[in-house]
Protein chains: 2
Amino acid sequence: MQAINPWSSKEIKYERAFAEFGLKSFPEKWKKELNHYLVERMVIAHRDFGKVMQCIKEGKPFINITGIASSGSLHLGHKVVIDMFLLFKSFGAKNYFCIADIEGYTSRPQTKTMEQAKEIAVNNLAHVLAFGLSKKDVYVQSNYKNRYYAFAFEISKKITRNMFEATYGHVDLGKVSAALLQYADILHAQLPEFEGKMPSITPIGLDQDPHARLTRDVVKRLPYDLEMPSFIYLKHQSGLLEGSKMSSSEPASAIFLDDTPEQIREKVSNAFTGGRETASLQRKLGGKPEVCKVCEILRFHYPDSAEVLRIMEECRKGKRLCGETKQFVIEFLTKFLKKHQQKAKKKEKLARKIVYGK
Amino acid sequence: MQAINPWSSKEIKYERAFAEFGLKSFPEKWKKELNHYLVERMVIAHRDFGKVMQCIKEGKPFINITGIASSGSLHLGHKVVIDMFLLFKSFGAKNYFCIADIEGYTSRPQTKTMEQAKEIAVNNLAHVLAFGLSKKDVYVQSNYKNRYYAFAFEISKKITRNMFEATYGHVDLGKVSAALLQYADILHAQLPEFEGKMPSITPIGLDQDPHARLTRDVVKRLPYDLEMPSFIYLKHQSGLLEGSKMSSSEPASAIFLDDTPEQIREKVSNAFTGGRETASLQRKLGGKPEVCKVCEILRFHYPDSAEVLRIMEECRKGKRLCGETKQFVIEFLTKFLKKHQQKAKKKEKLARKIVYGK
């Protein structure tokens, strides 16, 4: 019998959709074996992860490939991507973290020039390095090996207009080239010039699955002997406001890694909690930690699972008010980000050197 | 009054189409000034060539950019492209000759792998070098600077699906990426990392004009200060058989730079001449050098203009029979290609080194 997972009350409804698209629920057994709070709380499904699991268990090499294409500062949503990458790095992977500045430029109207995209890359990379990635774990698109680019163009030969339009609903050239770079990101490390054929793992959101399927479809058509890439599917951190998405273009919706203590205080204070109208009602009826954006921050970013469960339980029972939880989160984030920002500051010079190649 | 050009009897009909598309007839004055048999005989129109002409006259720098994306051996049609390139090189241009192996791969179904495309590149490049281009005049797409690739992807942001579809009639991904590389080929040398802003010249066929117009349209949208690229339009050499195009995929339609003396003899002997049914009829009525594929070879490749005009005149008057002209062309090509093939053989090692970067 499968153990009950206190974090996964809502996943049952996905089961049917998973089966339809060929996804599988992520087994509790693997969660225990990987033993990391993000896997425990955030991974809901997988595609072909078994062979990566086997590599981890047997100490065999596999590729850890992910990336960030941002239009500005990184926010806490990006931190999850980096945390997952660090987890697979700790299992002995071959590491490929992509700073996707070209993709950021071609796919975002607000990024007007490549110069701007590269300055964003410097900022993002400094944060990535501050989290513990090393220079050799990362690559910057605009300054990467020509074999990678050639491969992106090669891939284009194997995708028909119909395949593309069925997946993305359009054939806009800027988005086409962003997608070609993404396929190259996921697959290029298996070329003989890099690591050679081996399993690879990329964490994505459920909404990105059509993209993952097209990538796997392309593998069958390419004239190279490649392993099918594996994917795990993460919950999406939502925005801080009611119904919002965490997005760089809506600053109030997200805590950014560059935010000041004042910004953190203001954003967390204004976050949607779903709390009751009065303190006495809250004490009587209890809160709704499942919909509370402040509790969500804890679920995505506070490593101590017992503590997070305790806070949510107290909230649910009306034993703690929203203000108290907000204060807890403000203190946690302020302390965490202050230390992180100091580290990022120190990595800026190296980041600039990597982006500009000098 | 414009001097009468003995080579251009058929161009009058284009005048109206030229005006409609913004092309201009290539003035006799410039032909005289450039003083080269190919310009005299083959250049029919231009777009914005005046500023390149000015650079040539004033000894100012301009970019000479062209290339070859082949699916196998080069034929005489490619030789015209190389000859034109050498002409502008002789005028002191900044030279960029592209061996378009990635484009060859993505746009040709018969080229199955990049390995195959690179072996074709080695062959093609050896011939190009044998014609007198130096290592620093050429670049090979699969082994070029990452700035070039990044730029190709950047360009994609500025082309809408509608622009592309209106120009090419489709949005097939392999062809999209081939086109993106072509835009980058024509424009990248004007980036600050290369030569900086200056006029550029690329010779193309009339059928490629929509492509040239899209390239110029893109220039207006890019966040770089670039000079509008100029184009000259060349007559197309047709195939050796009646109504055929000179094409690598139809070996009998073309003389290849790798052809043996026997192949040359056979192909020229079987070429369409439009000659009369009998020798006596030919002597009486005269030949049709304008439709004769053997005379066409002379017009495209035999430098001595007086001699070519003399042969055509004798043919027209029935003073010489097709067999005689064929023999003349066979001897000319056999001698020329034998010498050229020896040179190409000697360039193979260097070509391989350039393509594979080692």
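The crossing of helix 12 and helix 16 of chain B is right-handed, a crossing being left-handed if the near helix is turned anticlockwise from the far one by less than a right angle, and right-handed if clockwise. Helices (H or I, at least four residues) and strands (E, at least two) are DSSP runs, numbered from the N terminus. The model is a predicted one, in which local features need pLDDT of at least 70 and side-chain atom pairs count only at pLDDT 80 or more, while totals for chains, interfaces and linings use all residues. Residues are numbered from 1 along each chain as its sequence is written, and chains are lettered from A and ligands numbered from 1 in the order in which they are written.

Helix 12 (residues 261–269) of chain B packs against helix 16 (residues 322–356) of chain B at an angle of about 150°, the axes lying 10 Å apart. Axes are lines fitted to C-alpha atoms, for helices over the stretch in contact, and angles run from 0 to 180 degrees between N-to-C directions. Helix 12 of chain B is therefore roughly antiparallel to helix 16 of chain B; angles under 35 degrees count as roughly parallel, over 145 as roughly antiparallel, 65 to 115 as roughly perpendicular and the rest as oblique. On helix 12 of chain B, P261(B), I264(B), R265(B), V268(B) and S269(B) meet residues of helix 16 of chain B that include K326(B), V329(B) and L337(B). Residues are in contact if their C-beta atoms, placed from the backbone, lie within 7 Å. This contact of helix 12 with helix 16 of chain B comprises seven nonpolar, two polar and two charged residues. Ala, Val, Leu, Ile, Met, Phe, Trp, Tyr, Cys and Pro count as nonpolar, Asp, Glu, Lys and Arg as charged, and the others, Gly among them, as polar.

In chain A, the axes of helix 7 (residues 114–130) and helix 16 (residues 322–356) come within 7 Å and cross at roughly 130°. These two helices of chain A are therefore oblique to each other, and their crossing is right-handed. Eleven nonpolar, two polar and five charged residues make up the contact of helix 7 with helix 16 of chain A.

An open sheet of seven strands in chain B has the order 1-2-7-6-3-4-5, with mixed pairing; two strands pair if DSSP finds at least two bridges between them. Strand 1 (24–25) and strand 5 (138–140) of chain B stand at the edges with a single partner strand each, so one side of each has no neighbour in the sheet. Strand 6 (residues 200–205) and strand 7 (residues 230–234) of chain B pair in the parallel sense over five bridges, and T202(B) has F231(B) of strand 7 as its bridge partner. Helix 10 of chain B lies across strand 3 (63–68), strand 4 (94–99) and strand 6 of chain B, running at about 155° to strand 3.

Between the chains, 29 residues of chain B are in contact with 29 residues of chain A. Helix 6 (101–107), helix 8 (146–156), helix 9 (161–168) and helix 10 (173–188) of chain B each supply at least two residues of the side that touches chain A. That side of chain B has 15 nonpolar, nine polar and five charged residues. A rotation of 180° with 0.0 Å of shift along its axis superposes chain B on chain A (RMSD 0.0 Å), by least squares on the C-alpha atoms of residues with pLDDT of at least 70 in both. The two copies are thus related as by a two-fold rotation axis.

Definitions and conventions:
Two residues are in contact if their C-beta atoms, placed from the backbone, lie within 7 Å.
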